Amino acid sequence: MPQYLISVWHDDTYETDFSTPDAQRRAAQVGAFNEELIKAGAWVFAAGLHPASSATVVRSSGGEVSMTDGPYAETKEQMGGFWVIETSDLDAALEWAGKAAAASGETIEVRPAHG
Amino acid sequence: MTSPLNEIFRREAGRCTATLIRVLGDIDLAEDAVAEAFAVAAEQWPKTGTPPNPGGWITTTARNRAIDWLRRESTRGERHLAAHRLRIDSMEPDHNPELDRLDDFVDIVADDQLRLMFLCAHPALAADAQVGLILRLLAGLSMSEIATAFLVPEATMAQRIVRAKRKLHDNHASYRVPGAGELPARLHAVLAAIYLIFTEGHTATSGQTLTRTDLSTEAIRLGRTLVELMPDEPEAIGLLALMLLSESRRAARVAADGTMVRLTDQDRTRWDRTLIGEGHELVRACLRRNQPGPFQIQAAVAAVHAAAPAAESTDWSQIVALYDQLCALRPSPVAALNRSVAIAELHGPTAGLDALAQIDPASLENYQPYHAARADLLARTGRRDEAVAGYDRAIELTTNSIERDFLARQRAAL
């Protein structure tokens, strides 16, 4: 079955305060969404990410590995988390993505994996 | 070309391609096979005569060609239906890799064309890609014809269509008619894409000629096919009625000197009575069903215009009522704009401007008809300077030279 990356996008300036009632509510919704994915056999993997400012960029050139601070893309919008799901087709993936958008309250991108 | 073969091509290509996509599970392979079958027909039919069922002949020939190609491919690699790309709900031929079993699937199924319409107008595709795919796969237009119609370089159009096909393929888009739950939204996307083709033909968004008949004709043809395939969908009927009623005014929209003529000023004796008759019949059929939708309501507005023997006898109260209904059913800035214009006709330009003031101007900032309509109402209430500014903005936003000339004349008359 095809796999899709369902990623969550937002401004990277977001507050990582998970104690607010709103964040608590979203966390509960996302938890319920995860349960639904697992029950349907669509779950492969998922993770919420630390802010993009915590990222390190690593390159290899001529056997030399170099590192630089910061996310690869210098854009305001960054990926805040993702799911990898396995489902029958695009329409099913988009339906899951709609549920992910509702649960997280964020903008979602769907992208198919090779294979 | 208006040869008999060309006529058959226009009629059958979309249907054959739709079936071959289901049989082969691959858009490109289906297109190539159908093109090849028509090439064989062009060579054989002049000698043997046109077969009694040309569409069936083309489909079978295309299928056989594709099987030959796949056999050759499968001897090179191990891949039997290597090119099987789109998932097919009802047929599942990918669970059935015996190539000969393809015979079982080759019958032309009416649903194939529907499947293809829903695939081409998939909401994951941009509107211009949807339109390109529909014209390429369902209407059988060549890449250069589509590019010419949309006034973009052929390479641009080709890239757009190739990218759209690749997206559908990479995303494992299904070849199916959406289920009842998703049908209303998905059907609306199909209708909107067909209407976009029609409006592009009706008022070319750029270029020298105001109307591009071919696109409107194709859109109406697609609309008819859709109504045949979904006879119980009132919105499909509404779309066809709307297109026919708009099309009925084509001859009257452009004056002898090539300038644009407003609805109010059109010579109504030049309206096509046959199209109006058909459009009215469809609108009445919609009313009997009593499941109103945006296309049906817009068709009803067009029907009210068509029923008026002169501009002065237009039943504007009926039109305002219809726009009230449209704004309640599917609120949008454009619907609110049209409602305001109708209110101006019914209650005068000041009332129209009051209604316009209810719309957030930012939502229509780049919408030329908003500035043109507002400028007209401002001029009629004597607010000349504001009207001039409005026309300036409308002219700035117009890419069609004939429409631009019209607006410039309106502005000059102030």
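Predicted model: local features only at pLDDT ≥ 70, side-chain atom pairs only at ≥ 80, totals over all residues.
Residues are numbered from 1 along each chain as its sequence is written, with chains lettered from A and ligands numbered from 1 in the order written.

I boxed the C-alpha atoms of chain A along the principal axes and got roughly 45 × 40 × 20 Å. Of its 115 residues, 20% are buried (20 or more other C-beta atoms within 10 Å of a residue's own, C-beta atoms placed from the backbone).

I turned to chain B and the pair α17 (residues 368–380) and α18 (residues 384–397). They pack at about 160 degrees, axes 8 Å apart (axes are lines fitted to C-alpha atoms over the stretch in contact; angles run from 0 to 180 degrees between N-to-C directions). That makes α17(B) roughly antiparallel to α18(B) (angles over 145 degrees).

I listed contact residues (C-beta atoms, placed from the backbone, within 7 Å). Among them are Q368(B) and L378(B) of α17(B), and Y391(B) and L397(B) of α18(B).

I checked R63(B), which sits in helix α3 (residues 54–76) of chain B. It counts as buried because it has 23 C-beta neighbours inside 10 Å. Its C-alpha atom is 48 Å from that of Q368(B), 305 residues away along the chain.

Key
Helix = DSSP H or I, 4+ residues; strand = E, 2+ residues; numbered from the N terminus. Parallel < 35°, antiparallel > 145°, perpendicular 65-115°, else oblique. Contact = placed C-beta atoms within 7 Å. Buried ≥ 20, exposed ≤ 12 C-beta atoms within 10 Å, placed from the backbone.
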